[in-house]
Amino acid sequence: MRLLIVSLLVVIATVALALSAHQDSGHVLIAYGDWTLESSLVLFVVAMAILFALLYYGIRLWSGIRSLPQRLRRWRRQRRNAKARTAYIRGMTALAEGQWMTAEKWLLKQARYSDTPALNYLAAAQAAEAQGSLVRRDSYLRTALESEPKADLAVGLAQAGYYLDHQQADEARAILARLRVAQPTQGAVLKKLMEAHVALRDWEGLLQIIPELERHDVVPSAKSEELQSMAYRALFAQAVLKKDSAYLRQLWERTPRPVRRNEDLLFDYARAFAAVDPKAGAQLDSLLVD
């Protein structure tokens, strides 16, 4: 279209010059040493216009030929990326529909050409997990991290989640502890770490991270009190087994006041106190009255 417009403008300009030549034909003389060129003004202008057009489009043609390999590579890359997006969409659709084998196939098909290959491999790991293939699952997770080292958080969270699902809470806690060092304020890491501590019955570890769970709005205050109550009740039971009254009193002193209002916690403490110190009746009476 641009070539057509430019050509049309040249024709119009040529016609305009030709018409004006009837009134004043003009004269052009170019001399250089013994060499002389003489022409009418109209013919000279038309020749210069044609020469300019030939030069301009010749340069454009040469530039186009030189850039052809680069443009071809760009076209191929765009075509591969389009295929990769299509394969990813088909894979995710199959994953949502529970077609695990189909999902795994499509997610891996063009993964190396994807703009975000880690997402393909993470989803493929999910499909492999659903089929019970832990070897393929872990292989895809490793490949996801190799393809995008910045996906360490996403890969780590996925791996920890799988470990928790398979009652491998120790392995999950190790991964989450490492992620927490790198990103201490990441809510998803703190939540998974909370789940790992509960699964391991690591009540002291759970109590240590509860302030951060509250600070970063990972759990509401009611849930936080529920978790603390559960942890302290379990620790009371451990103190009874150890017959350690001093440790039991220390636990009670550490218990936040809002949590102490939990009746189940209060009676568990009273029973534990009576079990480790039979002479604590008077103290228990004052405790229960308060």
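Begin the tour by selecting Trp62, which counts as exposed because its relative accessibility is 54%; exposed means over 50% relative accessible area, buried under 20%, and partly exposed in between, with a 1.4 Å probe and protein chains only. The structure is a predicted model, in which local features need pLDDT of at least 70 and side-chain atom pairs count only at pLDDT 80 or more, while totals for chains, interfaces and linings use all residues. Residues are numbered from 1 along each chain as its sequence is written, and side-chain values use heavy atoms, without hydrogens and water.

Trp62 lies in helix H2 (residues 41-96); helices are DSSP runs of H or I with at least four residues, numbered from the N terminus.

Next, select Leu176, Leu213, Phe236 and Leu248, which touch the most other members of the largest nonpolar core, a set of 41 residues. A nonpolar core consists of buried Ala, Val, Leu, Ile, Met, Phe, Trp, Tyr and Cys residues joined through side-chain atoms within 4.5 Å. Among the helices that give two or more residues to this core are H6 (152-165), H9 (203-215) and H10 (221-242). H10 gives the most, with 7 residues.

Now display H10 alone. Its 22 residues should span 32 Å at 1.5 Å a residue, and its end C-alpha atoms are 31 Å apart, which agrees; the expected span is 1.5 Å times one less than the number of residues. Its buried residues include Leu227, Tyr232 and Phe236, and they pack against H8, H9, H11, helix H12 (257-260) and H13. Just after H10, Lys243 takes a positive phi of about 55°.

Ala196 is buried, with a relative accessible area of 0%. Leaving aside neighbours within four places in sequence, Ala196 is in contact (heavy atoms within 4.5 Å) with Leu164, Ala169, Arg173 and Leu176. Ala196 and Leu164 are 32 residues apart in sequence and 6.9 Å apart in space, C-alpha to C-alpha.
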